[in-house]
Amino acid sequence: MTDIHTPGSKRTLGTDVIIIGGGIVGASAALALRQKGVAVVLLERDFCGSRSSGINYGGVRRQGRLEAQLPLSQRAHHIWARLPELIGIDGEYVRSGHLKLGVNERDMASLENYAQMAARYELPLEILDQQSLRRRFPWISPTALGGSYCAEDGHANPRLVSPAFAHAARRRGAQIFDQTPVSSIEHDGQRFIVECPQLQVRAPLLINCAGAWGHRIAEWFDEQVPLQVSCPNMTVTEPLPLFMDASIGIEGGSIYARQVSRGNCVIGGGQGYTTSDTTARPGREAILELMKIASALFPALANAHLIRFWSGIEGNIPDRNPVVGPSHTTPGLFHGFGFCGAGFQIGPAVGEVLAELIDDGHTPTPIDAFAINRFSTASSTLMSTCIVSGDE
Amino acid sequence: MSHAASLTTLPPVIVGAGPAGIRAAETLVRAGLRPVLIDEAAKGGGQIYRQQPDGFQRPAKALYGFEASRAEAIHASWRALLDQVDYRPHTLVWNSEGDELDLLQVRDQHYDGQPWQQLILATGATDRILPFSGWTLPGVYTLGAAQIALKYQATAIGSRVVFAGTGPLLYLIAYQYAKAGVEVAAVLDSAPFSAKWQASASMLRNPPVFAKGLWYLGWLKARGIRIEYDAHLLAASGEQRLDGVRWRQQGQEHQLDCEGLGFGYALRSETQLADILDCRFAFDELNRAWLPVRDAMGRSSRDGVYLAGDGAGIMGADAAEWAGELAALAVLQDRGMSVDRARIHQLQQQLQRTRQFREALEGAFPFPEQWAHEVADDVVLCRCENVTVGEVRALIGELSLQDMNRLKAHSRVGMGRCQGRMCGLAATELLAIGSGQSVADAGRLRAQAPVKPLPYAITPTVQQWSPSLSVAEEAEHD
Amino acid sequence: MSLIKRVAEAQRPAVTFHLNGQPCQALAGDTLLTAILSQQSYLRRNEFSGQPRAGFCLMGACQDCWIKDAQGRSLRACSTLVEAGMSVWTDTQPSTVQPQGAAS
């Protein structure tokens, strides 16, 4: 990292790698690169870990992920095990167990199928019938027919964990700039030149970790990703006596719930709406529906109060997999974005993978399913459909 | 701030039935409209003119003193309005989405939606609080609470009480307690005596208010009630309840035994709803707070949303009445109805004069800026989440925090049941000092719905939920 | 021992309610806060410090006076009037949760 010169008021920096986006993926990549001794400048539009990485539900689970993500997720599981030594705080991470409930026979069949597949990735899941569910988790109403339990999955506090990755990277020498939006990027054949209002940064390598806005950066390099934003609703109750001793999901979506050690139940579900390009609010109908479902499943909530709800912006991709890996148009450019609302657990592993791709040129973790060129066929089909239907 | 008149068919909606809300409703009724008047309380009057429950017999004079005729006039207007407005007492507005408010009928915990095209927010204020050691002990209350106990319940917060802090309420409440036969052990004013004199010249612009203030002070002194200036709260003592108070005055520590302590540093606006409605905010030096901006008529930055009373900046009850009427006249104007321009001019002039007086008042009862420098690390800052001043200071330093919402995310300040109503402004003061910024630059806590805790019981149809129906067929979000 | 002191309006009819399982007298028009703090010195305990609380703002803003009724429902003591036959708990209700250690 060198300060090249300071023409006028604009500072100019040179470095090895520029990372755009200080969410958990970008910050983890910065930390992993610093551990390899690579110079890093990280540019964050808002504050590191203040967007979806910091305001998501906080699930740290492998269960329920698409098959393609399981190797990455298993790798992340080992990283989470040494969180305090990595980022300096425990981040309220607990391996509470993750219980995915089924409310009908179809759900139960699908949970069983999933468990069989997961076993091939050394992810042991225990299928519980209604009787054993009642015995082990008496606080769940008989609405649930059964469930699939993953003992070592859990949850953490994203408000603390995600910014802590950035702080850890900073402590290891990464140069991190909050409130520094990127206005343009050029590639002069050898280096990327990234322009921000007060700063210009140059580097031969660039990682795009811009979350729900990552497809816009990809587009600057002629790579199309059919990303659409979504705004998951989150709610939190007042502190309640501890009763919920596992993080809960429901097969097929619906709500998800966990209780933190202070007693608050964090419950997510349904969609909010965007109020700007970067902000979202919870939706009233979905909040009321969430409350209805949550109190049907968890009778202990009957007398509870919700004290806050919120939403944020996630980047969804139709196949529900993120974009991770090298650019197919621009040498030196790498992507790690579009985690479809499920990036918190795998984020730290993606950071390591990106650092390996940059420093070693390859990674032992399979990431083919996340290649950015997987959309090229799909998107041309999509385009011809649009032309035929005349929608645009 | 142009608010289009076209296609306004719904009745105006008013949130808050204090002096501003009642005068607004009355003005709209007079023009032939039937507004919706939503209020959390059982009866109209707001906090300042709060009515006692049925069955109480004290006359207005005993309850409201000099303001008795004002209070009686407001109550009379409220009674006259009852069958001329769509009145919704016991009702909390907890959220807004699009052009519809989300309501909770507090008594039966029932949900209601309220569509609006024109909305007057008259949401009032609460005490401005600066924590000190022991402020969460039973027996320690806000000045406003001490007054409500007396006015609304005919109770005192103890047999022997101390009042502390600053602001015009300080002397009024001391007077009201003493008058009710309660032993007032001391009044501890955080402002130096000189501030009163320096400010008095400009306060003379509003002789009745100034005279009232002097009268309370004289009354208290004539009865030998101890009044201390430049007195800064150090600690409320006691194990399970308050038994005494310690303060510092010119480098010396003092102590008094007491059973009740009321304190506060003037008032702060309740702005959550304006925030959720996306009204634009600006920093207001006089209130030392970010407030929703309004034009001379009370129009906010959002089309159809009007602001009146202390909820958009502290101006007092009289000004709230004028601002309420003015906001209603703006509503009528924007509906294309004719309004009395002379009346508008008169109200605006009265408000302008009040603003000048308010500036003088700020001189007489200045905000104790040294609080953030001097408050001890072990003081509980956030009484909901039990976060200390020291924890907050440490986080600001360690993480180089500069923004209130980041401070909230890291410290939990403002994340409890009260959503930062009690500790938010004090936390902003700490952040400003700790980050070397102005209070304005430290920012403000963004309001988040629900405005107050929302009971799960609002969804009584729980039993009807069928397991096959889910919020959305989507993956679990982390 | 009571925390607050009545200074007037003593002529109101008495109302009987139950506080922590014991019958108590209040006056018609009392809030639960008044009714309870005429009997004892606190309303609830903070979840994190365990310290007693007796309300603070009395105007429904500070949210520090929530108590439970016999059905486990939450009531904001400063803004709920006492009613004859009400049963409220400021301490752990023995029937719902096992008390830990000595009764407080």
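## Parallel sheet of chain B

In this predicted model, chain B holds an open sheet of 5 strands in the order β3-β2-β1-β7-β21, paired in parallel. Its edge strands, each pairing on one side only, are β3 (86-88) and β21 (305-307) of chain B. Direction ignored, neighbouring strands of this sheet are turned by 15° against each other on average. Strands are DSSP runs of E with at least two residues, helices are runs of H or I with at least four, and both are numbered from the N terminus; two strands pair if DSSP finds at least two bridges between them.

Strand β2 (residues 36-38) of chain B pairs with β3(B) in the parallel sense over 3 bridges, and I38(B) has R88(B) in β3(B) as its bridge partner. Helix α1 (residues 19-30) of chain B lies across β1 (13-15), β2 and β7 (119-121) of chain B and runs at about 165° to β1(B). Axes are lines fitted to C-alpha atoms, for helices over the stretch in contact, with angles from 0 to 180 degrees between N-to-C directions.

## Conventions

Residues are numbered from 1 along each chain as its sequence is written, while chains are lettered from A and ligands numbered from 1 in the order in which they are written. Local features need pLDDT of at least 70, side-chain atom pairs count only at pLDDT 80 or more, and totals for chains, interfaces and linings use all residues, whereas side-chain values use heavy atoms, with hydrogens and water left out.

## Interface of chains A and B

Between chain A and chain B, 71 residues of chain A are in contact with 48 residues of chain B, contact meaning heavy atoms within 4.5 Å. The area buried between these chains is about 4900 Å², of which carbon and sulfur atoms give 54%; buried area is the accessible area (1.4 Å probe) that two parts lose on being put together, summed over both. On the chain A side, R159(A), R284(A) and R308(A) lose the most area to chain B, together 16% of what that side buries. The count between the two chains is 4 salt bridges, each defined as a side-chain nitrogen of Lys or Arg within 4 Å of a carboxyl oxygen of Asp or Glu. A salt bridge joins the side chains of R262(A) and E385(B) (3.0 Å, N to O).

The axes of helix α7 (residues 158-171) of chain A and helix α13 (residues 404-411) of chain B come within 8 Å and cross at roughly 110°. The two helices are therefore roughly perpendicular to each other, a class that covers 65 to 115 degrees. In α7(A), R159(A), L160(A) and P163(A) meet R406(B), K408(B), A409(B) and H410(B) of α13(B).

## Chain C

Within chain C, strand β2 (residues 14-19) and strand β3 (residues 22-27) run antiparallel and are joined by 6 bridges. H18(C) stands opposite P23(C) in β3(C). The hairpin of β2(C) and β3(C) has 2 residues between the strands, and N20(C) takes a positive phi near 50° there.

## Backbone exceptions in chain B

Most residues other than glycine have a negative phi, and most peptide bonds are trans. D230(B), which is not a glycine, has a positive phi of about 55° and is placed in the loop between β13 (227-228) and β14 (231-237) of chain B. The peptide bond from A449(B) to P450(B) is cis, with omega near -5°; P450(B) lies in the loop between α15 (439-442) and β24 (454-455) of chain B.

Technical notes
Angles under 35 degrees count as roughly parallel, over 145 as roughly antiparallel, 65 to 115 as roughly perpendicular and the rest as oblique.
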